[in-house]
Amino acid sequence: MATVEVEGIPFPQEITVSKPFSLLAHGITDIEIHFLQIKYNAIGVYLEKDNVLGHLESWKGKKAEELVQDDGFFQALVSAPVEKLFRIVVIKEIKGSQYGVQLESSVRDRLVSVDKYEDEEEESLEKVTEFFQSKYFKPNSVLTFHFPNTPGIAEISFVTEGKGEAKLTVENKNVAEMIQKWYLGGESAVSPTTSSVLYIL
């Protein structure tokens, strides 16, 4: 099976869960402190390739540089009724609580900006934050976000050395959508490098 390496971490170009998923994009999350780049996670974004192409016909033939600046493209990608899977592999260890707070803050801000942050969303986000609270992101730990065809669901799993798989299901459409946008939000994504490497078109 062909793989793509991201910071030395292999990502298969196709993986099978309930069905085959193709690698759409890859990248890293990082921050720069005093001109020093610190890389935290490697990311692979997988989709049902055959099904997603029909929903993105309008963008066929465009270059990745154009797509990354096109909010309409990422909105179409997020709302396309196809299964998606985000595979995040830890490069630099951090506490799960740090990751959880970062995700919660970003998703909440996005919901507030479109006036979709109500009690249900707050409760759902609290569960996500609690899920990560006790986790420790050792290098090579794997975090997966699975978005089934069923609208409004996100399945989160976390696997680290020496521990069993931990799982959480998010059953809130708005929260699930904004988690997708956190990784697939174009220039506003947590990892713009992921959004800039698009294979399928």
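Trainee: What makes the charged end of K135 count as sitting over the ring of F131?

Mentor: The charged end of K135 is 4.3 Å from the centre of the F131 ring, and the term asks that NZ of Lys or CZ of Arg be within 6 Å of the ring centre and within 35 degrees of the ring normal. K135 therefore counts as sitting over the ring of F131. Bear in mind that this is a predicted model, in which local features need pLDDT of at least 70 and side-chain atom pairs count only at pLDDT 80 or more, while totals for chains, interfaces and linings use all residues. Residues are numbered from 1 along each chain as its sequence is written, and side-chain values use heavy atoms, with hydrogens and water left out.

Trainee: How many aromatic pairs does the structure hold, and why is the one between F137 and F158 given its name?

Mentor: There are 10 aromatic pairs. For F137 and F158, the centres are 4.8 Å apart and the planes stand at 20 degrees; rings of Phe, Tyr and Trp (its six-membered ring) pair if their centres lie within 6.5 Å, and planes under 30 degrees apart count as stacked, over 60 as edge-to-face and the rest as tilted. The pair of F137 and F158 is therefore called stacked.

Trainee: Why can the pair of F137 and F158 be said to tie parts together?

Mentor: F137 belongs to strand 8 (residues 136–137) and F158 to strand 10 (residues 154–159), so their pair joins parts that are 21 residues apart in sequence.

Trainee: How do you know whether F137 is buried or exposed, and what about F158?

Mentor: Buried means under 20% relative accessible area, exposed over 50%, and partly exposed in between (1.4 Å probe, protein chains only). F137 stands at 1% and F158 at 3%, so F137 counts as buried, and so does F158.

Trainee: What makes W182 and Y183 an aromatic pair, and of which kind?

Mentor: Their centres are 5.1 Å apart and the angle between the planes is 70 degrees, which puts W182 and Y183 in the edge-to-face class. W182 is buried at 3% relative accessible area, and Y183 is buried at 1%. Ring pairs also link W182 and Y183 into a cluster whose members include F86, Y99, F131, F137 and F158.

Trainee: What makes the phi of E7 and the phi of N140 worth a remark?

Mentor: Most residues other than glycine have a negative phi. E7, however, has a positive phi near 55 degrees, and N140 has a positive phi near 75 degrees. E7 lies in the loop between strand 1 (3–6) and strand 2 (9–12), whereas N140 lies in the loop between strand 8 and strand 9 (142–147).

Trainee: How do you know which accessibility class E7 falls into, and which class N140 falls into?

Mentor: E7 has 44% relative accessibility and so counts as partly exposed, while N140, at 56%, counts as exposed.

Terms used: Helices (H or I, at least four residues) and strands (E, at least two) are DSSP runs, numbered from the N terminus.
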